[in-house]
Amino acid sequence: MRRHGWPTRAWHWLNLLAMAVLFMSGLMIFNAHPRLYWGEAGSEAGQAWLDLWGDDGLPFPGWITIPSAYNLADARLWHFFFAWLLALAWALYLGWNLRRGRLMREVLPRRADLAPAHLWQDLRDHLALRFPRGAAALRYNPLQKLAYAAVLAGLIPLVIVTGMAMSPALDAALRLTVVLGGRATARSLHFLAAGGLVAFSAVHLGMVLLAGPVNGLRAMLTGWYRLPKEPG
Amino acid sequence: MSEHDLTRRRLLGLGAAGAGGLLLGGCDRLNESAGWRETLHGATALNHRAQRLLMGDALAREFAESDLSSTFRANGSTSVADAVYRAHLASGFASWALRVDGLVHRALDLPLSALRAMPQRTQITRHDCVEGWSAIGKWQGPQLGQVLAMAGLLPAARYAVFHCADRIGGRPYYESIDLIDAFHPQTILAWRMNDAPLPERYGAPLRLRVERQLGYKHAKFVMRIELVASLAGLFGGKGGYWEDHRDYQWYAGI
């Protein structure tokens with residue numbers, strides 16, 4: 001049966017590409033000053049809440065950065081190009097979903113979803129790797145809804161807004177650092193939100209693989225999800 | 001199944017394979033490709049336009065004395081080797097003068113005393129380095145716009161170029177901004193920092209403050225301001241030392 005519309009599929013593959021490039025070029029940018037601070041400003045070791053400045057070179061090695069050899073200027077070129085892709089794709093996808101009402105219907109957790117007993121049962125199912133099969137898999141379970149809502153309405157907008165807040169030009173225009181509690185805080189939140197997105201992506205992909213990679217990937221490529229034949 | 005589906009499926013497959021290949025090591029090769037770099041620079045142009053559109057004449061945030069950073073990091077060149085510069089530094093820049101020339105009605109030689117006698121602007125702002133750190137400092141000096149008005153711009157003038165006394169790897173440091181930023185009220189030629197004459201490592205005798213851009217645009221050790229119609233004929237042609245040698249964005253609003 002039909003499972004994913006083309007916008008969902010296009011958005012997923014585009015996101016996979018954009019997030020991978022943004023994460024890897026972002027780590028190179030972080031390598032240029034591998035410390036994080038809270039507040040408006042910060043530059044010294046004593047002010048940092050996270051300091052990865054080791055004695056032996058860059059904290060993030062070449063195999064996980066773009067480009068692989070230290071180059072802040074080129075990492076920025078990659079980062080800003082794919083940032084536009086991520087932001088525009090997110091805005092279009094969110095708009096499309098809101099118009100169809102799908103987000104409210106399928107992703108926003110309902111009161112029943114959030115009942116502690118229901119959540120607890122769902123958590124135990126996930127930990128035991130008991131996945132819904134067949135038609136039940138077409139509906140999102142409570143933890144799925146929570147995770148998807150947190151990414152769509154939380155982590156992605158946060159990573160975009162904190163990225164914009166670091167721009168001195170946009171800061172003059174929009175005063176985002178005032179709202180976020182400082183530029184250094186925005187940079188820290190940007191790093192943490194990116195980490196959250198990578199963690200989500202890893203778990204999300206892991207779940208697809210555990211719950212049936214062939215059917216899941218086929219559905220995301222072609223839109224079609226195969227339901228098992230009724231026994232008998 | 002229609003042909004449409006096949007094409008789409010193949011396209012998606014190609015996209016996925018492309019993404020995989022890209023991330024498995026093609027990035028570095030792609031990074032060297034002139035066409036790809038031009039594509040990436042498309043986002044730079046988009047940033048420039050979007051930021052200018054949103055920002056208009058907006059002012060950068062200003063802060064209170066209590067927000068001043070206890071340590072202000074000194075980056076880039078922190079000293080100048082040039083013998084003439086060192087002699088001026090030793091004498092407190094008493095016989096030094098800022099040269100303003102190029103596409104102007106009157107070329108100027110402005111001694112530090114003349115710059116100090118002009119109307120002053122004092123601002124406490126956050127300096128955002130391209131590397132990711134920030135520090136808050138207090139800056140004082142005449143507005144660049146006032147200096148340029150004294151010289152009188154010729155109609156062809158489009159950019160202000162800052163020629164600096166420092167060299168990096170043997171090559172002279174320079175920077176440039178357009179006239180929108182040059183005439184912005186917070187764009188000043190700072191000779192004073194945190195209520196004291198500008199120390200050498202922060203760019204004595206004069207440093208550009210262009211508050212809505214990143215730190216590398218804030219040229220230190222400014223000796224000469226040249227008004228030009230185009231950046232193409234200067235040094236590497238990209239309008240600044242880091243732009244020429246590392247391909248940093250000329251417009252550093254993010």
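## Terms and model

Helices (H or I, at least four residues) and strands (E, at least two) are DSSP runs, numbered from the N terminus. The structure described here is a predicted model, in which local features need pLDDT of at least 70 and side-chain atom pairs count only at pLDDT 80 or more, while totals for chains, interfaces and linings use all residues. Residues are numbered from 1 along each chain as its sequence is written, chains are lettered from A and ligands numbered from 1 in the order in which they are written, and side-chain values use heavy atoms, with hydrogens and water left out.

## Chain A

Chain A holds nine helices and two strands, and along the sequence these elements follow the pattern α-β-β-α-α-α-α-α-α-α-α. Taken along the principal axes, the C-alpha atoms of chain A fill a box of roughly 70 × 35 × 30 Å.

## The interface of chain B and chain A

Counting as contact any heavy atoms within 4.5 Å, the interface takes 56 residues from chain B and 48 residues from chain A. The size of an interface is often given as the accessible area lost when the parts come together. Here the buried area (the accessible area, with a 1.4 Å probe, that two parts lose on being put together, summed over both) is about 4400 Å², and carbon and sulfur atoms give 63% of it.

Polar contacts are pairs of N or O atoms within 3.5 Å; within protein, one atom must be able to donate a hydrogen and the other to accept it, and residues adjacent in sequence count only if both atoms are side-chain atoms. By this rule, 21 residue pairs are in polar contact across the interface of chain B and chain A, both residues being at pLDDT 80 or more. On the side of chain B that touches chain A, at least two residues each come from helix H1 (3-32), helix H2 (34-55), strand S3 (121-128) and strand S4 (134-141) of chain B. H2(B) gives the most to this side, with 13 residues. By class, this side of chain B has 29 nonpolar, 14 polar and 13 charged residues, where Ala, Val, Leu, Ile, Met, Phe, Trp, Tyr, Cys and Pro count as nonpolar, Asp, Glu, Lys and Arg as charged, and the others, Gly among them, as polar.

## Salt bridges

A salt bridge is a side-chain nitrogen of Lys or Arg within 4 Å of a carboxyl oxygen of Asp or Glu. The count over all chains comes to 26 salt bridges, and the count between chain B and chain A is six. Side chains of opposite charge can pair when their charged atoms come close. Glu44(A) forms a salt bridge with Arg73(B), with the closest N and O atoms 3.4 Å apart. Glu44(A) lies in the loop between strand S1 (35-36) and strand S2 (50-51) of chain A, and Arg73(B) lies in the loop between H2 and helix H3 (83-90) of chain B, so the pair joins two chains.

## Pocket and cavities

On a 1 Å grid over the protein atoms alone, a cavity is a set of points where a 1.4 Å probe fits but cannot get out, and a pocket is an open set with protein on both sides within 12 Å along at least five of seven lines; lining residues have an atom within 4 Å of a point. Grid points are joined across faces, edges and corners, and a volume is the space filled by probe spheres set on the points. The second largest pocket holds about 1100 Å³ of space. Its lining has 46 residues, of which His79(A), Ala83(A), Val159(A), Gly163(A) and His190(A) are the closest to its centre. H2(A) gives the most to this lining, with 10 residues, and the lining divides into 33 nonpolar, nine polar and four charged residues.

The whole structure has five cavities of 30 Å³ or more, and the largest cavity holds about 90 Å³ of space. Residues of both chains line the largest cavity, including Pro168(A), Asp171(A), Arg61(B), Phe63(B) and Glu211(B). Helix H6 (168-174) of chain A and S3 of chain B each supply at least two residues of this lining, which by class has four nonpolar, one polar and five charged residues.

## Backbone features

Most residues other than glycine have a negative phi, and most peptide bonds are trans. A cis peptide bond joins Ile66(A) and Pro67(A), with omega about -15 degrees, and Pro67(A) lies in the loop between S2 and H2 of chain A. In chain B, the peptide bond from Ala204(B) to Pro205(B) is cis, with omega near 0 degrees. Phe93(B), a residue other than glycine, has a positive phi near 60 degrees, and its place is in the loop between H3 and strand S1 (97-102) of chain B.
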